[in-house]
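Subject: Structure for you to look through

Hello,

Here is the structure I said I would pass on. Please open it beside this email and follow along.

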Amino acid sequence: MDTLLEPFRYEFFRNGIAVATLSGALCGLVGVYVVLRGMSYIGHGLSHAIFGGAVASFALGFSFYLGAGLWGLVSAILILLIARRRSIGADAAIGVVTTASFAVGVVIISVIGSFTRNVESVLFGNVLGVDMADVLVVAGVTLVAGAVVALRYRQLLFTTFDPEVADVSGVSTARMDVLLALLLTALITVCMSVLGVTLIAAMLVIPPVIGRLLTDSFHRMLWISVAVGMFCGFVGVYLSYYLDWASGPAVVLTAASMFVLAYVFAAVRRRRLPEAALDAHVG
Amino acid sequence: MNQLIRFERVTCRYGIEPVLVNVDLVVSEGDFVGIVGPSGSGKTTLLRAIAGVVKPIAGRIVRDRAATIGYVPQVETVNWYFPVTVREAVLMSRIDGRVFPWASKRDLHDADDVLDRLGIGNLGDRHIRELSGGQQQRVFVARAMLRRPKLLLMDEPTSGVDVRTRHDVMHLIHELHHDGLAVVLTTHDLNGIAAHLPQLVCLNREVIATGRPQEVITPEVLERTYGAPLEVLSHGGMPVVVEHYPEVEEIERKVVPLREGHHGHPA
């Protein structure tokens with residue numbers, strides 16, 4: 001037992017596992033809306049876009065959270081605005097805005113001439129390097145995201161499922177889009193130092209997809225996704241301590257393993273249910 | 001009858017292209033109106049303008065502010081793989097004045113009540129994909145009905161469904177209308193749907209004609225609406241539109257003499 005609890009004696013580990021668990025919950029929560037809107041690529045793209053803002057903040061001496069957050073918000077809103085034009089579509093909008101924003105970051109790096117340690121942690125994550133302030137920031141954003149989803153549950157669901165009818169029924173879909181963009185930007189900004197630009201997308205997508213494989217109900221998908229995100233954050237960081245792996249990839253590989261299990265489970269269950277499904281269609 | 005909505009020379013556009021031009025229309029309590037016209041004639045835009053989502057660039061729309069509107073989309077536009085149960089889909093429209101994400105007892109009671117009324121009360125926990133075509137349409141009618149509307153807007157409620165489902169859906173809509181609901185629907189089906197409605201609007205960006213089916217389903221009006229000649233017969237006092245397919249007729253003209261020739265010269 002002592003061996004199992006050994007890593008918890010270290011403050012850096014306690015902070016790291018707390019922030020990874022919270023990040024998993026946050027990604028699982030917001031990721032459900034991202035995946036169901038068919039915008040899974042936005043997490044990947046936006047994290048690259050925010051990288052541009054993060055680098056610019058370092059170069060100009062601004063607050064990381066403020067600079068990267070504002071940059072990300074502008075990018076997210078630009079993506080949503082461009083994606084509304086059906087002739088372009090969400091995937092192309094993400095491609096245009098995020099690569100341009102990423103390129104700005106690369107240009108700044110090339111002008112400065114070298115990576116700094118902070119920029120490396122933005123790219124690859126450094127969960128064991130976080131302090132209590134980072135934990136509190138991630139906890140704060142997770143709480144706010146939870147409150148927003150709870151208070152605007154049906155509006156967000158309606159806008160995600162059927163935006164045209166939601167509009168007709170009195171839901172301000174434009175406001176819901178901006179709200180989601182805000183949540184996504186805040187998520188990526190605060191999770192960047194934990195998972196890194198390159199791995200956030202995985203945690204935004206894998207827990208919701210596992211939830212989708214396991215249920216046909218939206219609210220159950222939301223709960224499963226949050227629980228899976230938390231589990232992967234906790235177990236991934238814990239395993240990384242013993243296996244001496246980088247923490248970000250350990251979290252993502254835990255999630256990928258869970259996806260494989262969920263996929264197999266769903267396939268087996270589907271095979272056992274053909275009769276029930278047939279009955280349902282006859283009605 | 002109290003007017004629910006009145007269009008006065010309303011013009012709407014998407015981008016630079018006008019979609020509706022100088023449209024005059026009145027929908028009152030208890031009305032049952034069908035909107036017919038070719039693809040791209042502005043039928044859905046007219047529904048969305050009635051619902052208040054599309055704003056006119058000219059003219060005026062006067063609406064009874066107390067009259068709630070329910071909207072039923074084309075089922076073909078629904079994402080059937082979205083993870084929602086029937087009850088969750090219906091409860092989506094209960095968005096007013098609710099702080100907590102979970103449904104209140106009253107919400108659940110109302111949702112189950114409207115599902116019962118539409119004959120799908122036992123399907124609340126099913127995923128929407130697991131239903132038959134008629135049941136799927138009823139789910140979205142139920143979602144609209146949960147808003148307790150005075151006016152129900154339905155976009156192509158029978159498109160992409162078989163004859164039996166079409167009959168079921170139209171039976172349901174007539175029942176709702178008999179219960180006092182005003183209904184405006186769009187349809188491409190002139191013989192199966194439009195000819196059986198009390199009032200029609202023929203639309204091709206502008207209103208070509210309005211009135212009872214016998215008054216507007218005429219060769220002249222249809223040619224102006226669809227831009228092609230259509231033959232109209234009368235069957236039991238109801239107009240029946242005969243569709244001609246010149247290409248098919250041309251092939252038949254060539255094939256029939258060949259067949260006759262074949263039979264005339266047995267081997």
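This is a predicted model: local features need pLDDT of at least 70, side-chain atom pairs count only at pLDDT 80 or more; totals for chains, interfaces and linings use all residues.

Chain B as a whole

Chain B has 267 residues, and 41% of them are buried. Its secondary structure consists of eight helices and 11 strands. The C-alpha trace spans about 80 × 50 × 40 Å along its principal axes. If you take the contacts in chain B between residues at least 6 apart in sequence, 67% of them join residues at least 24 apart.

One helix of chain B

Helix α7 of chain B runs over residues 219-226, and its buried residues are B:Val221, B:Leu222 and B:Thr225. Viewed down the helix axis, these buried residues fall within an arc of 95°, so they line one face of α7(B). The background to this is that an α-helix has 3.6 residues a turn, so residues three or four places apart point the same way. What lies over the buried residues of α7(B)? The cover includes the strands β8 (199-204), β9 (206-211), β10 (231-235) and β11 (238-242), and also the helix α6 (213-216), of chain B. After α7(B) comes B:Gly227, which has a positive phi, near 70°.

Where the chains touch

Chain B gives 25 residues to the contact and chain A gives 27. On the side of chain B that touches chain A, 12 residues are nonpolar, six are polar and seven are charged.

Helix packing in chain A

Two packed helices are described by the angle between their axes and the distance between the axes. Helix α12 (residues 218-243) of chain A can be followed through two such pairs.

In one pair, the axes of helix α2 (residues 11-36) of chain A and α12(A) come within 7 Å and cross at roughly 150°. Angles over 145 degrees count as roughly antiparallel, and that makes α2(A) roughly antiparallel to α12(A). The crossing of α2(A) with α12(A) is right-handed. The residues of this contact between α2(A) and α12(A) comprise 17 nonpolar, 10 polar and no charged.

In the other pair, α12(A) meets helix α13 (residues 247-272) of chain A; the axes come within 7 Å and cross at roughly 125°. α12(A) and α13(A) are therefore oblique to each other. This crossing, too, is right-handed. Residues of α12(A) in the contact include A:Val228, A:Cys232 and A:Leu243, and those of α13(A) include A:Ser247, A:Ala250 and A:Met258. The contact of α12(A) with α13(A) divides into 10 nonpolar residues, five polar and no charged.

Two residues with positive phi

Most residues other than glycine have a negative phi. A:Asp244 has a positive phi, near 60°. Where is A:Asp244 placed? A:Asp244 sits in the loop between α12 and α13 of chain A. With 8 other C-beta atoms within 10 Å, A:Asp244 is exposed, because 12 or fewer count as exposed.

In chain B, the phi of B:Glu156 is positive as well, near 45°. B:Glu156 lies in the loop between β6 (151-154) and α5 (163-178) of chain B. Is B:Glu156 buried or exposed? B:Glu156 has 22 C-beta neighbours inside 10 Å and so counts as buried; the cut-off for buried is 20 or more.

Regards

Terms used. Residues are numbered from 1 along each chain as its sequence is written. Chains are lettered from A and ligands numbered from 1 in the order in which they are written. Axes are lines fitted to C-alpha atoms, for helices over the stretch in contact, and angles run from 0 to 180 degrees between N-to-C directions. Helices (H or I, at least four residues) and strands (E, at least two) are DSSP runs, numbered from the N terminus. Angles under 35 degrees count as roughly parallel, over 145 as roughly antiparallel, 65 to 115 as roughly perpendicular and the rest as oblique. A crossing is left-handed if the near helix is turned anticlockwise from the far one by less than a right angle, and right-handed if clockwise. Two residues are in contact if their C-beta atoms, placed from the backbone, lie within 7 Å. Ala, Val, Leu, Ile, Met, Phe, Trp, Tyr, Cys and Pro count as nonpolar, Asp, Glu, Lys and Arg as charged, and the others, Gly among them, as polar. The arc is that of the directions from the helix axis to the C-beta atoms.
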